[in-house]
Amino acid sequence: MGYSATLSDGTVVAQVTDAVGPANSTSFTDTSTINAPGAGAVIATVSLQPGTYDIECITFIGGTTSASLEPTNMRLIVGAALIGRIMNPVPGTSGGIGTGQLRVRYVLNSAANAQIIAVSAATASSVYSASIVAKRVV
């Protein structure tokens, strides 16, 4: 659907449509929470076919944490490629104070999984939450 705003003389001054991306756009989403993930543990994953994707990651770390480990302990990988580090604001031992976020456009030449992983073993009483959305744009 959509709508438009028109002046009394017929001039269209605003037009809004529901379409956000190309007509063939498809989104893939996964959200998960893991208690104290081990090194290399997958926290969230989506399976993708070849194409161009806008990938958005949102993460949060709660529970008992380590300010020296947790802020940089999550990464986005696609297949075997490291795409980026997701910074989480964890200033002390009582969890995060906000979310970590990473947005990228990625061209995928062959089918692969996009994953948010824990790089190192997390603090024993920590809780890692992650959401990944991959929207095909081409």
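These legends describe close-up views of a predicted model. Local features need pLDDT of at least 70, side-chain atom pairs count only at pLDDT 80 or more, and totals for chains, interfaces and linings use all residues. Residues are numbered from 1 along each chain as its sequence is written, and side-chain values use heavy atoms, without hydrogens and water.

**View A. The largest nonpolar core.** This core holds 24 residues. A nonpolar core is a set of buried Ala, Val, Leu, Ile, Met, Phe, Trp, Tyr and Cys residues joined through side-chain atoms within 4.5 Å. Buried means under 20% relative accessible area, exposed over 50%, partly exposed in between (1.4 Å probe, protein chains only). Among the residues with the most contacts inside the core are Leu48, Met74 and Ile132. Met74 touches Ile43, Phe60 and Tyr128, among others beyond four places in sequence (contact: heavy atoms within 4.5 Å).

View B. Gln115 is buried, at 16% relative accessibility. Its contacts, not counting residues up to four places away in sequence, include Val42, Arg75 and Ile132.

**View C. Arg105 and Asp54.** A salt bridge joins this pair, with the closest N and O atoms 2.6 Å apart (side-chain nitrogen of Lys or Arg within 4 Å of a carboxyl oxygen of Asp or Glu). Arg105 lies in strand 8 and Asp54 in strand 5, so the bridge ties together parts 51 residues apart in sequence. Arg105 is exposed at 56%; Asp54 is partly exposed at 28%.

**View D. Glu56 and Arg103.** This salt bridge has its closest N and O atoms 3.0 Å apart. Glu56 in strand 5 and Arg103 in strand 8 are 47 residues apart. Glu56 is partly exposed at 27%; Arg103 is exposed at 56%.

Notes:
Helix = DSSP H or I, 4+ residues; strand = E, 2+ residues; numbered from the N terminus.
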